[in-house]
Amino acid sequence: EPPLQSYAEQPAPRIADGVAITRAAIADISRTAAATGATTAIVLMPARFQVDDADYGRLNAVVTSAGGSLVRDAATERFDAALAPLGIPMLDVLPALRAALPGPDLFYQETVHLTPRGHAVVAAALDRFIEDHRLLPR
């Protein structure tokens, strides 16, 4: 099976199963939270290669050589489509990270973790999201 199936143009069936399980789990979390008076929100976090062009180029070459077709934002789009109908406030931080380019790295090159700059960009997006959706009491 070609690598990075959640970003594949034609993913393995297990990807749709995983997205459906995620949707059901988040719906359950939201119902449970609402019963206690809590609010649920969703944050979609991109993969490093969705922001880093060189990383994407390397991974795309690997997937292509394995006979697959990589779609850079496929997983984000799949989760957005599956979760949006739940009506839960949702933030995709990919646009904020892409808007922060060019500049120092947002992700460490040795791991998939955010750098301090990446954390600052995501924190600012979260702050706006929380404020815009009034997710915290005043």
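**Group meeting: charges, cores and overall layout**

I'll start with charge. In this predicted model, the chain carries 12 positive and 16 negative charges, and their mean positions lie 3 Å apart.

Next, the layout. The chain has five helices and two strands. Reading from the N terminus, the order of elements is α-β-α-α-β-α-α. The C-alpha trace spans about 50 × 40 × 20 Å along its principal axes.

Now the inside. Of the 138 residues in the chain, 35% are buried. As background, nonpolar side chains in soluble globular proteins tend to be buried together. Here the largest nonpolar core has 15 residues. The residues with the most contacts inside this core are V51, V93, L97, L106, F107 and V121. Two elements give two or more residues to the core: α4, residues 94-99, and α5, residues 116-132. The most comes from α5, with four residues.

Take F107 from that list. Leaving aside residues up to four places away in sequence, what does F107 touch? On one side of the numbering there are M45, P46, A47, R48, V51 and L97; on the other, V112, H113, L114 and T115.

Among contacts with a separation of 6 or more, 65% are between residues 24 or more positions apart.

Last, the surface. The chain exposes about 8,100 Å², and carbon and sulfur atoms supply 59% of that area.

That's all from me.

Note on methods: Residues are numbered from 1 along each chain as its sequence is written. This is a predicted model: local features need pLDDT of at least 70, side-chain atom pairs count only at pLDDT 80 or more; totals for chains, interfaces and linings use all residues. Side-chain values use heavy atoms; hydrogens and water are left out. A nonpolar core is a set of buried Ala, Val, Leu, Ile, Met, Phe, Trp, Tyr and Cys residues joined through side-chain atoms within 4.5 Å. Buried means under 20% relative accessible area, exposed over 50%, partly exposed in between (1.4 Å probe, protein chains only). Contact means heavy atoms within 4.5 Å. Accessible areas come from the Shrake-Rupley method with a 1.4 Å probe; for residues, only the protein chains shown count as cover. Lys and Arg count as positive and Asp and Glu as negative; His and the chain ends are not counted. The place of a charge is taken as NZ of Lys, CZ of Arg, CG of Asp or CD of Glu.
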